[in-house]
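Colleague: I am new to this structure and would like to learn how to read it. Could you take me through some features, one at a time?

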Amino acid sequence: MANARNISAARRIALDELSSRLGISFRNMSLLDQALTHTSYANESHSRNVVHNERLEFLGDAVLELATSTYLFLHFPELPEGDMTKARASVVCEAALYRRAAEVNLGNYLLLGHGEKLTGGDKRPSILADAFEAVIGAIYLDQGWLKASEYVINQLREELIEVEHGEAIKDYKTMLQEVIQRHQGQHIVYELLSATGPDHAKVFNVVVRINGIARGVGKGRSKKMAEQHAAKAALENMNAKDK
């Protein structure tokens, strides 16, 4: 059930602003308000009408999984179940949800408890990712499945393109490790070269060294993805050398 408390004029203006950023015209603004209400705020409130966002987060998580699962099933008919599971996990991850939340400045609209706010909760990736899931749940209840699933796919378009290119399925780090293990005495180290840009759009640059020698450099929106790209570059360099 949506948060039943009255929404102040100032709060409604803020929610209208966020709705515009999201590209969603909410029929029931209380749903969006609840999606942005953290447990710490609800716990500190003296009103029984303040409901936190964890139930909407639960619903939003289900919408995200079903929407991406359906997309992968329909658009990649040759993809086996195991690879679809890997692809979905790479698409619907905390880093991707955090980026989308940061892009619309979701932290500015969160209702947080005093202590949570003082410790930077409005910028914490886990809180922002969870809140974005709750917003998805609110969109689903307010707009229905079709609108919510379309919204999810549009928001995660960049990650789905990586699936199309095979980057979200292949584990290049494991592949490189398997190649190196064929030769005794070799070891792999991934070294972070740089991390540039704002928190929600940071780009990581990583080099992979084999026995201290740089074999590949990669970049990505997360350190994990940069390491995968570095491992891929190392495999390509090694294959070119063998030819």
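**Reading the loops, cores and helix contacts**

Modeller: Let us start with N211, which sits in the loop between β2 (203–210) and β3 (213–220); helices (H or I, at least four residues) and strands (E, at least two) are DSSP runs, numbered from the N terminus. Keep in mind that this is a predicted model, where local features need pLDDT of at least 70, side-chain atom pairs count only at pLDDT 80 or more, and totals for chains, interfaces and linings use all residues. Residues are numbered from 1 along each chain as its sequence is written, and side-chain values use heavy atoms, with hydrogens and water left out.

Colleague: What is the phi of N211 near?

Modeller: Most residues other than glycine have a negative phi. Phi of N211, however, is near 55 degrees, a positive value in a residue other than glycine. N211 has 34% relative accessibility, so it counts as partly exposed. Buried means under 20% relative accessible area, exposed over 50%, and partly exposed in between, with a 1.4 Å probe and protein chains only.

Colleague: Where is N105 found, and what is its relative accessibility?

Modeller: N105 is in the loop between α6 and α7 (114–118), and it counts as partly exposed at 32% relative accessibility. Its phi is positive too, near 55 degrees.

Colleague: How should I read a nonpolar core, and which residues have the most contacts inside the largest one?

Modeller: In soluble globular proteins, nonpolar side chains tend to be buried together. A nonpolar core is a set of buried Ala, Val, Leu, Ile, Met, Phe, Trp, Tyr and Cys residues joined through side-chain atoms within 4.5 Å. Here the largest has 50 residues, and L18, L22, F26, L32, L36, L106 and V135 have the most contacts inside it. Among the elements giving two or more residues to this core are α1 (9–22), α2 (29–35) and α8 (125–143). The biggest share comes from α8, with 10 residues. There is also a second, separate core of 13 residues, which includes I180, F204, V206 and A230.

Colleague: Which residues are buried in helix α5?

Modeller: In α5 (residues 81–91), the buried residues are M84, A87 and V91. Down the axis of α5 they fall within an arc of 65 degrees, so they line one face of the helix; the arc is that of the directions from the helix axis to the C-beta atoms. These buried residues pack against α4 (54–75), α6 (94–103) and α10, where contact means heavy atoms within 4.5 Å.

Colleague: At what angle do the axes of α6 and α8 cross?

Modeller: Axes are lines fitted to C-alpha atoms, for helices over the stretch in contact, and angles run from 0 to 180 degrees between N-to-C directions. The axes of α6 and α8 cross at roughly 80 degrees and come within 8 Å. The two helices are therefore roughly perpendicular to each other: angles under 35 degrees count as roughly parallel, over 145 as roughly antiparallel, 65 to 115 as roughly perpendicular and the rest as oblique. On the α6 side, the contact includes L97 and Y98, and on the α8 side it includes L128 and F132.

Colleague: And how far apart are the axes of α9 and α10?

Modeller: Helix α9 (residues 145–155) and helix α10 (residues 157–164) have axes 5 Å apart and pack at an angle of about 70 degrees. In this contact, I153, N154 and Q155 of α9 meet R157, E159 and L160 of α10.
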